[in-house]
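Me: I have a structure open here and would like to go through it piece by piece. Can you take some quick questions?

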Amino acid sequence: MPIENKDVTWVEEPIIGFWEATFLPAIIEGLKTTVKHVTNYQPTTEFFPEEKPTLPLHYRGVHRLNRDDQGRVKCVACMMCATACPANCITIQGAQAPWEDRDKYPSSFEIDELRCIFCGMCEEACPVDAIELTHLYDLTGFTRDEMLFDKEKLLGVFDQTKDTGYDPVRTHRGRLGPASDFEQLPSLSPATSVQSDDRSARSSSSGVIQGRAVMPSSWESVNDKIEKGK
Ligand code: SF4
Ligand code: SF4
């Protein structure tokens, strides 16, 4: 669309005379603003650390690694969080799990809290709710090394925050999480849009859920609500 002359605001360069050159008009204008703020005082300053800030519910602070009901780290070393992390600040070493209910666990897990941008992508990516961001915001340290949070430290944050009320544990079932309970998901077969007579639907390979799975009561109630349009 062509620009018409009436759409343009032409600004002329001001001519600075003797009076303006003394800067007195600008100083008086500035003092007027100062007096206005002094006489109409509306403080917005938060007096931290004497007064603690009120944080929004979705605040994303220091990470924690959650424990299951047996006190073990929930993480299954799937690397999803490290892959999703845009700051590349998660380092995980997986090892064979010493427990029967999972294949792997993290033998070491480290987050560089100084590189982290607290975007929350890691907790979004985690299939077993093992990593979460908490409301802890006053993170300090004297050295860079102190800001590298290892597995023990991250588990310590869990111990410190799980009962505060701000950071409830999302998965209370003591299991690893919805994705790890794959066999207990409601049957959606075929999981993809393939037809039942398609040979890929009869495949035993992963990606197709076969058979009728037992549905936990919590899933049932959610499905009921969906069907009832609630
Ligand atoms: S919050 Fe974002 S930047 Fe920080 S570790 Fe998680 S994914 Fe990486
Ligand atoms: S996404 Fe979750 S389970 Fe996977 S490595 Fe990260 S914290 Fe562990």
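Predicted model: local features only at pLDDT ≥ 70, side-chain atom pairs only at ≥ 80, totals over all residues.

Me: Which residues of α5 are buried, then?

Reply: Leu 154, Leu 155, Val 157, Phe 158 and Thr 161 are the buried ones in α5.

Me: Why are they on the same side of α5?

Reply: Because the arc they cover around the axis is only 150°, they sit on the same side of α5. In general, an α-helix has 3.6 residues a turn, so residues three or four places apart point the same way.

Me: What do the buried residues of α5 pack against?

Reply: Three strands: β1 (63–65), β3 and β5 (148–149).

Me: Moving on to the core. Which residues touch the most other members of the largest nonpolar core?

Reply: That core has 24 residues, and Leu 65, Cys 75, Cys 81, Cys 126 and Leu 154 touch the most other members. At least two of the core's residues come from each of α3 (80–84), β3 (104–112) and α5 (151–161). The largest share, four residues, is supplied by α5.

Me: What is Cys 126 in contact with, leaving aside neighbours within four places in sequence?

Reply: Cys 126 is in contact with Met 80, Cys 81 and Ile 131.

Me: Now the ligands. Which residues come nearest to ligand 2?

Reply: There are 13 residues around ligand 2, and the nearest are Cys 75, Cys 78, Met 80, Cys 81 and Cys 126.

Me: How does the shell around ligand 2 divide by class?

Reply: It has 13 nonpolar residues, with no polar and no charged ones.

Me: And ligand 1, which residues come nearest there?

Reply: Cys 85, Cys 116, Cys 119, Met 121 and Cys 122, out of 14 residues around ligand 1. By class, the shell around ligand 1 has 13 nonpolar residues, one polar and no charged.

Me: Last topic, the whole chain. How many helices and strands does the protein chain have?

Reply: Six helices and five strands. Along the sequence they follow the pattern α-α-β-α-β-β-α-β-β-α-α.

Me: What share of the protein chain counts as buried?

Reply: Of its 230 residues, 16%.

Me: And what share of its contacts between residues at least 6 apart in sequence joins residues at least 24 apart?

Reply: That share is 68%.

Technical notes
Residues numbered from 1 in each chain as written. Chains lettered and ligands numbered in written order. Near = placed C-beta within 6 Å. Nonpolar A, V, L, I, M, F, W, Y, C, P; charged D, E, K, R; others polar. Core = buried A, V, L, I, M, F, W, Y, C linked by C-beta atoms within 7 Å. Buried ≥ 20, exposed ≤ 12 C-beta atoms within 10 Å, placed from the backbone. Contact = placed C-beta atoms within 7 Å. Arc of directions from axis to C-beta.
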